[in-house]
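The sequence and model are shown first, and the notes follow by topic.

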Amino acid sequence: MGELIGYARCSTVLQDLTAQREILASLGVADDRIYLDKGLTGTNRSRPGLDQALAAVRAGDTLVVPKLDRLARSVPDARDIGDTLLARGIRLSLGGNIYDPADPMSKMFFNMLAVFAEFEADLLKMRTREGMAIARSKGKLKGKQPKLSVRQQAELVRMHASGEYSIADLMEVFTVGRATVYRVLDRAKAQQSA
């Protein structure tokens with residue numbers, strides 16, 4: 001029997017991976033063989049920890065994940081990962097249960113888990129959009145605040161118009177980046193021409 005390679009993921013940097021690491025350890029995965037992604041959603045296939053885990057497993061090894069939704073949040077992605085592992089001769093363990101695509105029950109269970117993981121991700125997106133719409137309608141979600149106040153923006157425009165200050169000078173005086181200076185100047189031009 002080959003090596004056990006573990007993979008764990010959490011969606012935000014504020015979440016803790018301790019529980020998932022403990023599950024993987026209880027399933028026999030050595031701590032130095034656990035690959036992690038923190039602050040990345042399962043809907044994003046580009047995950048460094050997942051890429052490392054998939055690169056680390058060899059034919060005869062087993063990729064161990066605490067739950068399928070840690071590996072993938074969409075049915076096509078889950079199937080693709082499962083099929084790729086199978087083609088490479090690598091077993092997939094979901095919380096200690098080996099996924100066997102040759103067994104109709106195992107295949108059905110895997111597909112059902114993938115559907116639920118995708119459904120859960122879609123519900124989360126829907127709730128987030130609804131919450132943002134409600135907050136926006138109550139005036140509580142106003143977007144990103146400008147780096148410069150209205151007075152500071154007016155002063156920046158006045159100083160630029162005087163011809164005595166370069167863009168670099170304005171960046172230094174107002175401690176902002178080049179893009180911010182140009183954005184303020186472009187906005188002022190647009191307001192004058194309107």
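R73 and E120 form a salt bridge (a side-chain nitrogen of Lys or Arg within 4 Å of a carboxyl oxygen of Asp or Glu), with their closest N and O atoms 2.8 Å apart. R73 sits in the loop between helix 3 and helix 4 and E120 in helix 5, 47 residues apart, so the pair links distant parts of the chain. The model is predicted: local features need pLDDT of at least 70, side-chain atom pairs count only at pLDDT 80 or more, and totals for chains, interfaces and linings use all residues. Residues are numbered from 1 along each chain as its sequence is written, and side-chain values use heavy atoms, without hydrogens and water.

**Salt bridges**
- R73 is buried at 11% relative accessible area, while E120 is partly exposed at 40% (buried is under 20%, exposed over 50%, partly exposed in between; 1.4 Å probe, protein chains only).
- K67, D69 and R70 belong to one network of salt bridges that share partners.
- Within the structure there are seven salt bridges.
- R33 pairs with E3 at 2.8 Å between the closest N and O atoms.

Methods. Helices (H or I, at least four residues) and strands (E, at least two) are DSSP runs, numbered from the N terminus.
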